[in-house]
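Me: I am new to this structure and would like to learn how to read its features one at a time. Could we begin with a helix?

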Amino acid sequence: MPPIRSLLVIAGLAMALPVIPAASAEDPITFTARSGDSVDALRGSFQVPENRSDPGSRMITLSYVRFPATGDADGPPIVYLAGGPGGSGSGTAEGPRFELFMAMRQHGDVIAFDQRGTGDSTRLPRCVSSVHVSETEPVSDAEYGNAYRQAVEECGAFWRGEGVAIEGYTTRESVQDISALRAHLGADTVTLWGISYGSHLALAALKDIPDEIDRVIIASAEGLDQTVKMPAYTDAYFARLQAAVDSQPQAAARYPDIAGMMRRVHARLEAEPILLDIPQQDGSVASVLLQRRHMQQMSSGLISDPQYAAILLALHATLDAGETGLAIGLLQRFHTPGEPVSLSAMPTAMDLASGIGDARLAAFEQQAQNGLVGAYLNHPMPQIRGAWNGFDLGEDFRTAPAGDTPVLLLTGTLDGRTYPEGQAAAVSGLSDVTQVIVRNAGHNLFMTSPEVHDVMHRFMRNEPVGTEEIIVDLPDFTELPF
């Protein structure tokens with residue numbers, strides 16, 4: 001899970017540093033998606049300072065794949081900003097959204113951009129710390145948080161020792177990378193298209209380089225002060241999930257009180273954790289003491305999309321009935337026994353730098369005491385807050401953007417990672433926002449309905465989007481997606 005952010009970038013100095021022109025021309029490639037579909041494309045790169053606040057900074061390479069516009073499209077380049085943080089644009093284009101990347105070419109060149117520290121951009125070493133968290137003894141929330149803080153402090157020293165200017169891995173630096181990409185492409189403006197953390201970066205760009213942005217499409221928006229989401233909004237999500245479950249008679253009979261079931265299971269594990277034996281591929285057995293914390297962490301991941309929420313429901317229901325088979329199966333699939341705390345530089349730095357202010361932290365801690373997933377939705381934030389001195393970008397960074405750039409916001413009602421209430425707040429200072437609610441969709445909503453694509457295309461053509469709501473089918477909450 002992600003750690004840390006970066007230090008304050010002096011905006012004036014960052015803007016004063018020259019944009020480094022591309023060292024070489026784009027190379028033609030055949031881009032092949034995981035589906036097997038292929039298309040002619042161009043791979044390009046350019047260089048930027050790793051830390052613009054340091055005149056002696058080393059240069060790093062930023063990579064992208066350009067899918068040329070089709071037909072007579074002559075709009076600004078459309079830059080895809082992946083989520084995470086830590087996802088890559090080129091990696092996303094290889095996946096299920098390949099079809100949408102191709103369709104967006106009708107409006108202009110589509111740029112699958114690998115943000116600094118991701119994809120084919122300059123690679124950063126992963127830090128394998130010396131910190132181990134006991135798997136067979138009870139570990140308190142405080143002890144678990146302290147273990148991650150220790151690992152983050154150790155990894156900061158490791159990355160600096162490897163020559164990484166970790167102070168350069170902030171959203172503010174990534175905004176200047178977008179500006180450098182625009183200049184490298186020879187464009188006056190760019191359109192930004194992002195999801196989750198990619199929306200966080202897009203909103204920061206609307207603050208820092210508004211004149212370089214033509215329009216913005218964001219989904220599952222994460223506001224500039226929302227690196228850490230509020231537990232009260234998570235609990236409100238579970239109420240919406242209950243309403244969705246209640247719409248299916250069989251699921252409603254099986255899960256009549258989701259919150260009550262979760263609280264029973266968590267309370268039982270808090271009082272008496274369960275020692276599970278997890279079969280390994282080599283025939284050995286690894287023991288894991290299943291605690292309340294594990295359930296809150298697993299729940300935090302499974303609520304991203306409604307099909308995965310079905311796993312959460314079944315997991316709690318089986319444990320509530322005293323059965324551990326599904327829990328063992330999930331740990332067998334996703335848990336690596338004996339692994340120390342390991343961290344990736346880019347997401348660790350980005351999250352720690354975007355940070356959380358004192359007032360929001362105080363409200364978070366109060367809500368987390370009784371929240372269904374506690375303090376674990378965005379772990380290891382805020383537990384590692386302040387682990388690197390001076391790294392937080394501050395309240396000025398976290399202030400919501402203002403302006404009249406056209407923005408399309410797509411919001412799923414069953415998104416358990418970025419919530420409708422928070423998404424509305426994230427764009428509240430912008431005067432030209434079109435929000436479309438995608439009812440029953442979760443966090444990863446781009447491919448949930450052709451209607452989503454239709455709305456995006458109309459927005460790109462500067463036409464009325466034609467609807468305020470799209471309804472997609474719910475999964476069967478009694479069926480597991482595997």
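Reply: The model is a predicted one. Take helix α5, residues 171–185: it has 15 residues and reaches 21 Å from its first C-alpha to its last, close to the 21 Å expected at 1.5 Å a residue.

Me: How many of the 15 residues of α5 are buried?

Reply: In general, an α-helix has 3.6 residues a turn, so residues three or four places apart point the same way. In α5, 12 of the 15 residues are buried, so the helix is largely enclosed by the rest of the structure. Among the buried residues are Thr-171, Glu-173, Val-175, Asp-177 and Leu-181.

Me: Arg-182 is in helix α5 too. Is Arg-182 buried or exposed?

Reply: The cut-off for buried is under 20% relative accessible area. Arg-182 has 16%, so it is buried. Apart from neighbours within four places in sequence, Arg-182 is in contact with Ala-187, Asp-188, Thr-189, Val-190 and Glu-212.

Me: How do I describe two helices that pack together, and at what angle do α5 and α6 pack?

Reply: Two packed helices are described by the angle between their axes and the distance between the axes. For α5 and helix α6 (residues 197–208), the angle is about 75 degrees and the axes are 9 Å apart. That makes α5 roughly perpendicular to α6. On the α5 side, the residues that meet α6 are Thr-171, Arg-172, Ser-174, Val-175 and Ile-178. Their counterparts in α6 are Tyr-197, His-200, Leu-201, Ala-204, Ala-205 and Asp-208.

Me: Which residues of α7 and α9 meet, and how are these two helices set to each other?

Reply: The description again uses an angle and a distance. Helix α7 (residues 231–246) packs against helix α9 (residues 258–271) at about 120 degrees, with 9 Å between the axes. The two are therefore oblique to each other. From α7, Asp-235, Phe-238, Leu-241, Gln-242 and Val-245 take part, and they meet Ile-258, Met-262 and Arg-263 in α9.

Me: Next, the aromatic rings. How many aromatic pairs does the structure hold?

Reply: There are 14 aromatic pairs. In one of them, the ring centres of Phe-46 and Tyr-64 are 6.5 Å apart and the planes are at 45 degrees, so the pair is tilted. Phe-46 belongs to strand β2 (residues 38–49) and Tyr-64 to strand β3 (residues 59–67), so the pair ties together parts that are 18 residues apart in sequence. Phe-46 is buried, with a relative accessible area of 1%, and Tyr-64 is buried with 1% as well. Elsewhere, ring pairs link Phe-31, Phe-67, Tyr-80, Phe-98, Phe-101, Trp-193 and Phe-446 into a cluster.

Me: Which rings have an arginine over them?

Reply: Two cases can be read here. Arg-160 lies over the face of Trp-388, 5.4 Å from the ring centre. The charged end of Arg-293 sits over the ring of Tyr-144, at 4.0 Å from its centre.

Me: Last, a loop residue. Where is Gly-87 found, and what does it touch?

Reply: Gly-87 is in the loop between β4 (78–81) and α2 (89–94). With 23% relative accessibility, it counts as partly exposed. Leaving out residues up to four places away in sequence, Gly-87 touches Ala-82 and Thr-118. Gly-87 and Thr-118 are 31 residues apart along the chain, and their C-alpha atoms are separated by 6.5 Å.

How values were computed: Residues are numbered from 1 along each chain as its sequence is written. This is a predicted model: local features need pLDDT of at least 70, side-chain atom pairs count only at pLDDT 80 or more; totals for chains, interfaces and linings use all residues. Side-chain values use heavy atoms; hydrogens and water are left out. Rings of Phe, Tyr and Trp (its six-membered ring) pair if their centres lie within 6.5 Å; planes under 30 degrees apart count as stacked, over 60 as edge-to-face and the rest as tilted. Helices (H or I, at least four residues) and strands (E, at least two) are DSSP runs, numbered from the N terminus. Buried means under 20% relative accessible area, exposed over 50%, partly exposed in between (1.4 Å probe, protein chains only). A charge sits over a ring if NZ of Lys or CZ of Arg is within 6 Å of the ring centre and within 35 degrees of the ring normal. The expected span of a helix is 1.5 Å times one less than its number of residues. Axes are lines fitted to C-alpha atoms, for helices over the stretch in contact, and angles run from 0 to 180 degrees between N-to-C directions. Angles under 35 degrees count as roughly parallel, over 145 as roughly antiparallel, 65 to 115 as roughly perpendicular and the rest as oblique. Contact means heavy atoms within 4.5 Å.
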